[in-house]
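Please open the model in your viewer and keep the selection panel at hand.

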Amino acid sequence: MAFPTHRPRRLRTTPALRRLVAETDLRPRHLVLPMFVKEGAAEPVPIPSMPGVVQHTRDSLRKAAVEAVEAGVGGLMLFGVPERHDATGSAGVDPDGVLNVALRDVRAEVGDATVVMADTCLDEFTDHGHCGVLDSEGRVDNDATLAVYADMAVAQVEAGAHVVGPSGMMDGQVGVIRDALDAAGHVDAGILAYTAKYTSAFYGPFRQAVESQLTGDRKTYQQDSANVREALRELALDLEEGADMVMVKPAMAYLDVLRAVAEVSDVPVAAYQVSGEYAMVEAAAANGWIERDRAVLETLTGIRRAGADIVLTYWATEVATRL
């Protein structure tokens, strides 16, 4: 039977009906807040391309972490902005480096009230801006980088991270980190693998946020935006190596990839609504072209609908408070 017997609008007539039959929900627990902490900062530093987002001081980071926890967010993902950079990104491994100090601060402040996560990558710390160490010909050396990632992950967990997030897209990174954490006695520390991280134009504001030193591009290790099957191969490898959660990044331009990953993954799936995705909504809203608050919720709901169990978003605290 068709119209007039069937009228789908019947289930849209009141807010209560729409709420009752909603297929996708968005809750504070689904959201993870990425946060930047700047070494030596005396006060928070606004990031021009990301309105409302700052490079935190140690004090403002602790306060913002508490605010996020009180709003009910599911987790915090920390990124460090160091004063010094070198060829090997040594500040990322240093127990007294900006990121590890921040992890200790935040864990002391919030304890186990939320999930404290750390970005396990060298790009913020190297003087060339790449996600790994370079060989004699200037190429990213995959296997040499893995050894640094292992040390970095152990240092981050010992500083207070519940979960490490290897984001460099090095082959074998999850397995090497898992082995290192287990050997150090951190068998309960989790790994959120950046499984399908694409070479993207939407990372621009993030690179401003971490004061990236990048020259060139990352096309030899991040994925080609044209590929989906490749993401599923990366997923199979990460799961085999012991990933506890997996991620697709960016989110909004890769919802088909997110859906493909979510349909076959047997661990929770995250998606990162990246800086450029955040910035374009904020810019359009600032010009009066879209209704900001509705657009924010619509984008996040779309990411959830595509299959994300977890969404990293710079709106996490704001949206959690609204929800």
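Is Arg218 buried or exposed? Select Arg218 and display its surface: with a relative accessible area of 5%, the residue is buried, where buried means under 20% relative accessible area, exposed means over 50% and partly exposed lies in between, using a 1.4 Å probe and protein chains only. What you are viewing is a predicted model, in which local features need pLDDT of at least 70 and side-chain atom pairs count only at pLDDT 80 or more, while totals for chains, interfaces and linings use all residues. Residues are numbered from 1 along each chain as its sequence is written, and side-chain values use heavy atoms, with hydrogens and water left out.

Keep Arg218 selected and look at its setting, the loop between α6 and α7; helices here are DSSP runs of H or I with at least four residues, strands are runs of E with at least two, and both are numbered from the N terminus. Not counting residues up to four places away in sequence, Arg218 touches Asp123, Gly129, His130, Cys131, Thr199, Arg207 and Ser212, a contact being heavy atoms within 4.5 Å.

With neighbours within four places in sequence left aside, Arg207 contacts Ser212, Leu214 and Arg218. The UniProt annotation "binding site", from an unreviewed entry, covers Arg207 and Arg218; such annotations may be inferred rather than shown by experiment, their positions follow the numbering used here, and feature names are shortened. Of these residues, Arg207 and Arg218 are included in the lining of the largest cavity, a cavity being a set of points, on a 1 Å grid over the protein atoms alone, where a 1.4 Å probe fits but cannot get out, and lining residues having an atom within 4 Å of a point.

Now move to Glu234, in helix α7 (residues 229-241), which the "binding site" annotation of the unreviewed UniProt entry also covers. Glu234 is buried, at 17% relative accessible area, and, leaving aside neighbours within four places in sequence, is in contact with Met169, Thr195 and Gln223.

Finally, select helix α10 (residues 292-305) and colour its buried residues, namely Ala295, Val296, Thr299, Leu300, Gly302, Ile303 and Arg304. To see what covers them, show elements including α8 (255-264), β9 (269-272) and α9 (275-286).

Technical notes
On a 1 Å grid over the protein atoms alone, a cavity is a set of points where a 1.4 Å probe fits but cannot get out, and a pocket is an open set with protein on both sides within 12 Å along at least five of seven lines; lining residues have an atom within 4 Å of a point.
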